[in-house]
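Hello,

Here is the structure I promised to pass on. Have a look, then read my notes below.

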Amino acid sequence: MAITIVCKWLCANNFQAGFIMNEKTPRYVHEIDQGFGNIVEIKEVLCDCRSDFQHIQIFETAELGRMMMLDGIIQFTEFDEYTYQEMMVHPALMVHKNPEKVLIIGGGDGGVAREVARHKCVKQIDQCEIDGKVVELCRKYVPSMACGFDDPRMNLHIGDGLEFVRNACDEYDVIIVDSTDPIGPGEVLFGKEFYQSVHRALKADGVVASQSESIFLYPEIVQRLYGFTRELFAYNGYAFIAVPTYPAGSIGVCVACKSHPVDQPQRQLDKTLADELKYYNSDIHRGAFKLPSFAQRWFA
């Protein structure tokens, strides 16, 4: 039974996290979001520092591999990061018939870049991440994800994603917005102006995929992002992702396209890619856009 709280902090939007020790001295990290959350046993604190933008922590956990938290919010664990990374990338790239030029906004851990690089048809990957410290630390401590930065097609820019995308017009086949939650440096990536800029930056058959929160925890944010993409794009949809170590065990990605529906792949996975993936397949692609009745009513 936990008896001592070593440190604790309260973040915006009801996020709470901290270290707990018990009488047998294992340590735990907990995240509480909207009144409930997760507790993870950790073996070692690998990094605990502040960048110019946020509080960054990387832990070696007892059972889940390495885990990163930003401002007290779990971003990934090595145990299940592939569920999120694969669904942020492959539905969008498989909806496009020939994605050659891809832009990633955010994604400082490198996981999205790793998944984009699996597609041989992609010729150029541009990425804009605001916090270079996240990239530096993930390169050091989480090479299983940060290997995405090593692909020769990658052009990494450290800077503001909104400003970067404002300067592009009719340039990208796919844009992937791997943002943090809508607090701190990720907040501007949840606004209408950003999505207007994304629309301009995409080619005539362009596709965008955006981290869009959980239908259970943040219905207002989900509906807002869905509304932006429905207004700006000919086709859009929200896809459900199961991520066990996130509060509520889920998150979602909003996918939108200028020219055709997003709930059906336009290409077949080649066998090599299909064998590499752990979560995504064509059936998951179609099924992820089939939502519970309460969520269907939001989008009717």
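Aspartate 170 is partly exposed, at 48% relative accessibility. That label applies because the value falls between the 20% and 50% cut-offs. Keep in mind that this is a predicted model.

Aspartate 170 sits in the loop between helix H5 (161–166) and strand E11 (172–178). Its phi is positive, about 50°, although aspartate 170 is not a glycine.

Aspartate 71 also has a positive phi of about 50°, and it is not a glycine either. Look for aspartate 71 in the loop between strand E6 (66–70) and strand E7 (73–77).

Now to the buried positions.

Glutamine 85 belongs to helix H1 (residues 81–95). Its relative accessible area is 1%, so glutamine 85 counts as buried. A polar atom of the glutamine 85 side chain lies 3.2 Å from the backbone nitrogen of valine 112. Leaving aside residues up to four places away in sequence, glutamine 85 touches Asp109, Gly111, Val112, Arg114, Glu115, Met145 and Asp178.

Valine 255 is part of strand E14 (residues 250–257). With a relative accessible area of 0%, valine 255 is buried. Beyond residues up to four places away in sequence, its contacts include Ala92, Val207, Val208, Ala209 and Tyr235. Phe289 is another residue that valine 255 touches. The two are 34 residues apart in sequence, and their C-alpha atoms are 9.6 Å apart in space.

Best wishes

Notes: Residues numbered from 1 in each chain as written. Predicted model: local features only at pLDDT ≥ 70, side-chain atom pairs only at ≥ 80, totals over all residues. Heavy atoms only, no water. Helix = DSSP H or I, 4+ residues; strand = E, 2+ residues; numbered from the N terminus. Buried < 20%, exposed > 50% of the residue type's maximum accessible area, 1.4 Å probe, protein only. Contact = heavy atoms within 4.5 Å. Polar contact = N/O pair within 3.5 Å; in protein donor to acceptor, adjacent residues only side chain to side chain.
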